[in-house]
Amino acid sequence: MAVSTLTIDGREVSAHEEQTLLDVARENGINIPTLCHLDGVGDIGACRLCLVEIEGSPKLQAACVTKPVEGMVVHTDTERLRSYRRMIIEFLFAEGNHVCAVCVANGNCELQTMAINVGMDHERFDYLYPKRTVDITHQLFGLDHNRCIMCTRCVRVCDEIEGSHTLDLAGRGNKSHVITGMNQDWGDAESCTSCGKCVLSCPTGALFKKGSTVAEMKRDRTKLEFLVTAREKKQWRL
Amino acid sequence: MDLSELQAIADKEISSRKAIRVVCCQAAGCLSGEGKDLLAALKASAAKSGISADIQICGTGCMGLCSRGPLVRIEPSGEMFERVASADADKIIGALEGKPFDEKKSDTNQPFYTKQLKVVLANSGKIDPDRIEEYIAEDGYKALYQVLRESTPQQVIETITKSGLRGRGGAGYPTGLKWATVAKSSGKKYMICNGDEGDPGAFMDRSVLESDPHRVLEGMAIGAYAVGADQGFIYVRGEYPLAIKRLQTAIKQARFNGLLGTNIFDTNFNFRVDIRIGGGAFVCGEETALIASVEGKRGVPRPRPPYPAMSGLWGCPTLINNVETYASISTIIRKGSDWYSGIGTEKSKGTKVFTLAGKCENAGLIEVPMGTTLRTIVEEMGGGVPGGKVKAVQTGGPSGGCIPASLLDTPVDYDSLAKVGSIMGSGGMIVLDETDDCVDVARFFMEFCMDESCGKCVPCRVGTVQIYRLLSRIAEGQGTKKDLAKLRELCDMVKTTSLCGLGQSAPNPVISTLRYFEHEYTSRLIDKDSSNGSVPADLRNHQSTVLVKEASHGG
């Protein structure tokens, strides 16, 4: 196995040939932000957050799809990169309808965390307020397009790991969106195995388990009576 | 098939030609006039007049001066007629019998024709694209014979490298170098011809495919032999039905004559070509997106490296070149690399096909040596702006830029155009006059890129929308200094961080108009007279009302 030595942010590190720059950096505790990357599925270099500067290369390279080369000198955290990363996050917030306060992922959202990490304290670009739909036809899960950032992690997990390829993309530009089945309601998509890996892979609240969203909680008051009866009269059936 | 059989086809074709040949353009430009009816009318009048025994009337490809179509030419005299209607058929046939028809005569001594040097377009407007015999009569497939029977693949690559040919799709990568890279890889290899021409105002590839499809097939076959591929795909956009039809005919005829298929020219070289039709996405002109589309996947680009020369179609090494690049090959083989490299400038060799469009007298298709100045092309050949002045020339479509009239003496080659902030691109040239507004031009191209963005990477998907909104605000007189600063910042970001060429070049029309026509932006800013960039409070309110209004329409 060929091993190469390179410099990342002034530190000498060694890399195996099958690793990417992102792997090498993370292995050495150097944090490069990502959103479309998910360990275990193929990388596509789409979110552009992991762009790094490589000395001698005129173009920025996405660390998740760049192979380390002997003697490479990489900078992952320059002022220029920080400003681009902040803009990417601002773009994502402007593009969708992200309302943290009513989101299932609030506090556990990678987009939200990323905004804090890159120092985005306000939105400088026009909110686009797109009209997007919510699909809750599936028995167990829901898909809220308003919160989707098109990282396509779910599409890749469904295709590469589960092998059912229920999720895919349609449309182009800012009208591109995730579709289910043959562009039908998720509940009608027969290829879905309800494995739930898409929900686990989603960085935001776009994919969620039903019953966990705001205003979905229902109270079954008869349960109270049942419990009281069970304790006081030792009767376990109603 | 061997050389004598090829020659026999050529001889038979030449000997069967009548003394006088009347050719009528049947490419999309003239057909959109009444080219089809005109051809039928010419045939009918000839039959009626009783001289049909001595003349031959046939359809042909593009003659170039599309803005004055339908065009008719008489051979061997070379006399040309423009804006011919079906009703004029009798008069044209009359002209053959000595009754001059001067009203519609086209001046063939004008610079539009005399300044051209036709290599790729040598047969366009001359031969009938639906007949392989006519192509063979013009030395067609001789270059293929030559390489298969007399050269090694290395020699072919050497010839192409020495000729200095660079990719005609726009980026100008040295063709020989690309071929050598593919040739070096091992295993199954593929050839792809990129005919997904999508720049607004550009129609070079369409014209070549409609006028001389065999030239492209021959170039591909030579390339396949050089790199060791046996399967090729021509990717043509679905908006070019006539080009697709003519290619289908050409492939059928070439196979029938043993010029495609197995054991070509009795060698062990096999080459099959299939057509793939694009579904209307501009981004599929980007090579990795095109490859995904040929594979039957969603046409989105992927990061490079690996380049297609290493890992392309279905993971195999793939040679992908533009229509015009392949169309240049057979002539280079026949006439030699020294002849080709003798044309053009130091770093850009040969000729380039351009389409002149916009505000110019003569719009259409031209082929000129590299290094010809923009002034020669626009003012002499194009005849300048009718009743006005040239303000700028837009080259390279949505990936290119506007070159102001003051720089018209720039020679047209890859490096000079890059130096003035534009690109060669695939060859579209749009002439703008004093009435054209550069902010509007930038907005038009940005709208195009916004619609055509595939949506894969964030900077291009969202950035083009934000740039478009800022341009609209400025164009409508609602912009501020702050907006202009934001516009510059966005252009830099989208250019630097986008995944593929579409996004990386999308800001070019804005950047170049900001460079040469900044006053058109600043003069309409709402706070142009204030010394600082702050926005008055009442204006902020106004903007938010605009926003809310737009939001209620669903953004």
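Guide: Gladly. B:Leu365 is buried, because 27 other C-beta atoms lie within 10 Å; a residue counts as buried with 20 or more other C-beta atoms within 10 Å of its own, as exposed with 12 or fewer, and as partly exposed in between, with C-beta atoms placed from the backbone. Please keep in mind that this is a predicted model, in which local features need pLDDT of at least 70, side-chain atom pairs count only at pLDDT 80 or more, and totals for chains, interfaces and linings use all residues. Residues are numbered from 1 along each chain as its sequence is written, while chains are lettered from A and ligands numbered from 1 in the order in which they are written.

B:Leu365 belongs to strand 11 of chain B; strands (E, at least two residues) and helices (H or I, at least four) are DSSP runs numbered from the N terminus. Setting aside neighbours within four places in sequence, B:Leu365 is in contact with B:Cys62, B:Gly64, B:Cys66, B:Met204, B:Ser207, B:Val353 and B:Thr355, where contact requires C-beta atoms, placed from the backbone, within 7 Å. By contrast, B:Glu295 is 70 residues from B:Leu365 in sequence and 33 Å from it in space, C-alpha to C-alpha.

Strand 11 (residues 364-369) of chain B has six of its six residues buried, so it is largely enclosed by the rest of the structure. Its partner is strand 10 (residues 351-358) of chain B, which runs antiparallel to strand 11 and is joined to it by six bridges; two strands pair if DSSP finds at least two bridges between them. A hairpin of five residues links the two strands. B:Val353, one of the contacts of B:Leu365, stands opposite B:Glu367 in strand 11 of chain B.

Let us move on to a sheet in chain B. This open sheet has five strands in the order 2-1-3-4-5, with mixed pairing. Strand 2 (55-60) and strand 5 (105-106) of chain B are the edge strands, each pairing on one side only. Strand 1 (residues 20-25) and strand 3 (residues 72-75) of chain B pair in the antiparallel sense over four bridges, and B:Arg21 stands opposite B:Glu75 in strand 3. Helix 3 (residues 35-49) of chain B packs on the sheet, touching strand 1 and strand 2, and its direction makes about 160° with that of strand 1.

Now for a pair of helices. Helix 18 (residues 438-452) and helix 19 (residues 458-475) of chain B pack at an angle of about 155°, with their axes 9 Å apart; axes are lines fitted to C-alpha atoms, for helices over the stretch in contact, and angles run from 0 to 180 degrees between N-to-C directions. The two helices are therefore roughly antiparallel. Among the residues making the contact are B:Met446 and B:Met450 of helix 18 and B:Tyr468 and B:Leu471 of helix 19.

One more buried position deserves a visit. B:Ser505 is found in helix 21 (residues 501-505) of chain B and is buried, with 24 other C-beta atoms within 10 Å. B:Ile423 is 82 residues from B:Ser505 along the chain, and their C-alpha atoms are separated by 9.7 Å.

Definitions and conventions. Parallel < 35°, antiparallel > 145°, perpendicular 65-115°, else oblique. Contact = placed C-beta atoms within 7 Å.
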